[in-house]
Amino acid sequence: MIAIGAVQLREIRLPLREPFRISSGSVHERRVLLLEVSDSDGRKAWSECVAAEYPNYSAETVDTAWLALQQWLIPEVLGRRFDHPSDVHRHLESRVRGHRMAKGALEMGCWGLAAELAGVPLARLIGGERESVEVGVSLGIETTADRLAQRATREAKAGYRKIKLKIKPGYDVQFVRAVRDVLPAAALMVDANAAYGPEDTASLLAMDGLGLTMIEQPFSGEDLLRHAALQLRLETPLCLDESITSPARVEDMLSLGSGRIVNVKPGRVGGFTPSLEIHDRCHSDGVPVWCGGMLETGIGRAYNVALASLPGFSMPGDLSPSRRYWERDIVHPEWTMSANGTVEVPTAPGIGVEVDREQVEQLTVRQCALRTSGNS
Ligand code: OSB
Ligand code: MG
């Protein structure tokens, strides 16, 4: 049983060590929403919202998530008792349409709190079995194919188990081939973040012979039918990211043949409960899933690593260590990766890392506390 007594909402700004460029835009500094969810006895857990500053990945942003959390979502859980954290998702879904990243942040905070209250690691609470998880790196679009090949070589040497290259029309076949030439045996994949249309099919087909483990989200998130038509013409499996907003979308993907692999981002589907449902569905049918990333801080990473410890997460996740993103992360210990590309699943109770409250306070640009007794 959890009774939510208060939620502290805050925004921090944290500069990336280097800009990250995807097909629809670049990010230099993350604006990140953090939540601190407390029960009626004052026990707390941190969580993170994956929404970005600008709506170039999905329609949600830091500002829409702030509004949704403050106005509608947090008031829905305050003072309410949930038998189990898995009940929070259904309640939020029944009251508010959309705003899944905002919902996911709050719902995951309830899971983190439940782990804290039970005195067990979050990974074990959800049935995660692995002691460590395999890590892949996601490389932004570079200006030249040579630069990308150099970068990929460096990351392969660092131990990453999978290298994902961001692509867009004009920055694809030739770039990927340059990387393949220097890394003939690497597990390579590409991610288009919906930058292609059916008129670009020739470029997508041209990447079929490059031994990619998958091609992620070439077409629009809304477009399952055209992905299905493309998959029929490709040997390389398609993986869907933006398209997968709920367990029902996974069913649709499988029925239509729109893809063969699922990128699970708990923030994108509204939290852990739908993520677990997707995991169970795919695992029982042998459909590979892996954990995607959204340039999270060490708090969001704790949730992703816990999720990736489930048995069905059979491919390396976008779970890079703190240093890949930040000069200084906001958690202790920082996330580190072994020389063979794995991150350890924490064994401490709760989310398994301590938040550096002093640093978070310094980075905070706005905050708002909502309590059962009324807003303040
Ligand atoms: O499509 O997976 C994506 C970052 C921002 C928006 C979308 C995506 C990404 C990444 C980052 O690929 C992966 C990471 O966090 O390491
Ligand atoms: Mg993606």
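Helix α12 is mostly covered, with eleven of its eleven residues buried. The model is a predicted one, and in it the run of buried α12 residues goes from Gly-298, Ile-299, Gly-300 and Arg-301 through Ala-302, Tyr-303, Asn-304 and Val-305 to Ala-306, Leu-307 and Ala-308. Ile-299 turns up again in the largest nonpolar core, a set of 82 residues, where Ile-299, Met-207 and Val-262 have the most contacts inside the core. Helix α12 (residues 298–308) also gives this core its largest share, seven residues.

Leaving out residues up to four places away in sequence, Val-262 touches Cys-239, Leu-240, Ile-244, Val-250 and Met-253 on one stretch of numbering, and Ile-278, Cys-282, Val-287, Pro-288, Val-289 and Trp-290 on another. Apart from this core there is another one, made of 34 residues, including Val-7, Ala-102, Ala-105 and Leu-106.

Next comes the ligand site. Ligand 1 has 15 residues around it, and those that come nearest are Ser-138, Asn-193, Lys-265, Leu-295 and Tyr-325. Sorted by type, the shell splits into seven charged, five nonpolar and three polar residues. Oxygen atoms of ligand 1 pair up with side-chain N or O atoms of several residues: the distance is 2.7 Å for Asn-193, 2.9 Å for Ser-138 and 3.1 Å for Asp-241. On its own, ligand 1 has 390 Å² of accessible area, and the protein covers 95% of that.

Two loop residues round out the picture. Gly-286 sits in the loop between α11 (272–285) and β12 (289–291). Is Gly-286 buried or exposed? With a relative accessible area of 61%, Gly-286 counts as exposed, because the cut-off for that class is over 50%. Gly-286 is 87 residues from Glu-199 in sequence, and their C-alpha atoms are 32 Å apart in space.

Tyr-171 has its place in the loop between β7 (162–166) and α6 (173–182). Neighbours within four places in sequence aside, Tyr-171 is in contact with Arg-21, Ile-141, Glu-142, Thr-143 and Lys-166. Glu-116, in turn, lies 55 residues from Tyr-171 in sequence and 45 Å from it in space, C-alpha to C-alpha.

Notes
Residues are numbered from 1 along each chain as its sequence is written. Chains are lettered from A and ligands numbered from 1 in the order in which they are written. This is a predicted model: local features need pLDDT of at least 70, side-chain atom pairs count only at pLDDT 80 or more; totals for chains, interfaces and linings use all residues. Side-chain values use heavy atoms; hydrogens and water are left out. A residue is near a molecule or strand if one of its heavy atoms lies within 4 Å of it. A polar contact is a pair of N or O atoms within 3.5 Å; within protein, one must be able to donate a hydrogen and the other to accept it, and residues adjacent in sequence count only if both atoms are side-chain atoms. Accessible areas come from the Shrake-Rupley method with a 1.4 Å probe; for residues, only the protein chains shown count as cover. Ala, Val, Leu, Ile, Met, Phe, Trp, Tyr, Cys and Pro count as nonpolar, Asp, Glu, Lys and Arg as charged, and the others, Gly among them, as polar. A nonpolar core is a set of buried Ala, Val, Leu, Ile, Met, Phe, Trp, Tyr and Cys residues joined through side-chain atoms within 4.5 Å. Buried means under 20% relative accessible area, exposed over 50%, partly exposed in between (1.4 Å probe, protein chains only). Helices (H or I, at least four residues) and strands (E, at least two) are DSSP runs, numbered from the N terminus. Contact means heavy atoms within 4.5 Å.
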